[in-house]
Amino acid sequence: MIPLMEKELVDRHGWITSEEFMEIITLSQTMPGIFAANMAAHIGWKLRGVPGAVASVLGNILMPIIIIIALAAGLRQLQGNALVEAIFKGVRPVVVALIAAPVFRMAKTANISRYNFWIPVVAALLVWLLGVSPIWVILVAAVGGFVYGKYLEKKEVQS
Amino acid sequence: MIFWKLFYTFCKIGLFNFGGGYAMIALIQNEVVEKQGWMTMAEFTDIVATSQITPGPIGINVATYAGYTAVVNAGYDPFWGVAGAFLASFSVILLPFILILLISKYLLDHKDNPILKSVLSVLKLAVTGLIAAAAALLVNSETFGSYAESPLQLFLSIGLFVSAFIASLRWKVSPILQIVIAGAVGFLVYYL
């Protein structure tokens with residue numbers, strides 16, 4: 001999606017520079033929420049303020065929403081249909097694998113090491129086996145990252 | 001009142017979603033299946049599958065579909081299901097959207113701040129664990145079948161899981177292609 005956006009916004013329309021585009025990518029990744037929607041909001045806002053942000057987010061998500069609703073309603077009608085059930089029986093284990101696979105890719109980009117690998121392990125075990133809400137894990141991780149950052153800062157000042 | 005709960009739940013999911021579409025799948029799964037009980041694990045898995053092969057950001061797709069299913073499962077007409085679908089997808093982007101308008105300028109000035117960087121790197125590690133947990137929670141008899149019911153389905157499911165896992169990591173086969181192939185296998189084995 002990023003190359004597509006860059007082509008349209010930077011090359012074709014010239015609405016923003018390549019540098020601004022990279023900046024918006026960084027910001028959109030830093031913010032919570034859905035990356036594509038964040039990108040759209042940032043770019044719309046930069047160009048035309050709040051109405052621009054609303055317009056570009058709507059433009060970004062409206063078609064997917066309508067397609068999904070049509071599919072959801074259609075599949076609902078077919079609920080219990082032997083053919084659909086057979087197809088999904090084959091698909092379900094593959095979906096689980098598709099969710100599991102990015103874990104290993106993400107671990108690499110998260111700079112996992114022998115000093116910090118306990119963080120994802122503990123997070124996974126808390127949610128998987130103890131039923132802790134992922135939201136608590138995220139809150140604790142954010143606070144932990146903040147405290148650790150402060151600690152590093154202090155150490156730097158002292159040395 | 002399910003609409004209020006839907007709004008609140010998806011606002012929360014949007015606000016705490018760091019780390020992309022798969023992180024959001026982990027959050028939505030926990031909220032709509034485990035906490036609220038709006039749908040079964042199998043229904044949720046089917047929603048993720050459908051969202052994978054549909055254009056658009058997967059987070060939006062799953063939110064939209066889950067909103068529809070939650071409302072219709074609660075006994076409302078499909079019309080209200082459509083309302084639930086829109087409500088869930090708008091709620092999930094609402095708070096990040098407001099945050100962008102309010103603090104993106106500030107963030108831009110501080111994007112090299114070491115404390116912000118530390119927060120983000122710990123978040124990334126934790127989110128990796130959350131996605132692993134989401135995958136682990138999906139491994140059950142609803143998605144894989146059970147030995148008691150059908151050994152064939154269980155073994156085929158394990159085979160499909162392992163091949164998809166390798167296909168994703170080793171050869172980077174696109175999720176859409178994998179789902180289409182798995183659907184064809186399901187059709188051949190379970191329907192014919």
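Let's start in chain B, where helix α8 (residues 151-169) packs against helix α9 (residues 175-191) at an angle of about 165°, their axes 11 Å apart. Helices here are DSSP runs of H or I with at least four residues, strands are runs of E with at least two, and both are numbered from the N terminus. An axis is a line fitted to C-alpha atoms, for helices over the stretch in contact, and angles run from 0 to 180 degrees between N-to-C directions. That angle makes α8(B) roughly antiparallel to α9(B); the scheme calls angles under 35 degrees roughly parallel, over 145 roughly antiparallel, 65 to 115 roughly perpendicular and the rest oblique. On the α8(B) side the contact is made by Leu156(B), Leu160(B), Ala164(B) and Ala167(B), and on the α9(B) side by Gln178(B), Ala182(B), Val185(B) and Val189(B). Contact means that the C-beta atoms of two residues, placed from the backbone, lie within 7 Å. By class, that's 7 nonpolar, 1 polar and no charged residues, where Ala, Val, Leu, Ile, Met, Phe, Trp, Tyr, Cys and Pro count as nonpolar, Asp, Glu, Lys and Arg as charged, and the others, Gly among them, as polar.

A word on the model: it is predicted, so local features need pLDDT of at least 70 and side-chain atom pairs count only at pLDDT 80 or more, while totals for chains, interfaces and linings use all residues. Residues are numbered from 1 along each chain as its sequence is written, and chains are lettered from A and ligands numbered from 1 in the order in which they are written.

Stepping back, chain B has 9 helices and 0 strands, and its C-alpha trace spans about 60 × 45 × 30 Å along its principal axes. One of those helices, α5(B) (residues 78-109), has 32 residues and bends by about 60° at Ile103(B). A bend is the angle between axes fitted to the seven residues ending at a position and the seven starting there.

Now over to chain A, where 81 residues are in contact with 94 residues of chain B. α4(A) gives the most to that side of chain A, with 23 residues. By class, the side has 62 nonpolar, 13 polar and 6 charged residues.

So what does α4(A) itself look like? Its 28 residues (82-109) should span 40 Å at 1.5 Å a residue, and its end C-alpha atoms are 42 Å apart, which agrees; the expected span is 1.5 Å times one less than the number of residues. α4(A) bends by about 30° at Val91(A), with Pro93(A) following within four residues. Just after α4(A), Asn111(A) takes a positive phi of about 55°.

Two helices of chain B meet α4(A). The axes of α4(A) and α8(B) come within 8 Å and cross at roughly 35°. Among the residues that meet there are Pro93(A), Ala97(A) and Phe104(A) in α4(A), and Leu160(B), Phe161(B) and Ala164(B) in α8(B). This contact divides into 13 nonpolar, 4 polar and 1 charged.

With α6(B) (residues 114-138), α4(A) packs at about 160°, axes 9 Å apart, and the two are therefore roughly antiparallel. Residues including Val96(A), Ile99(A) and Met106(A) meet α6(B) residues including Thr128(B), Ile131(B) and Leu138(B).
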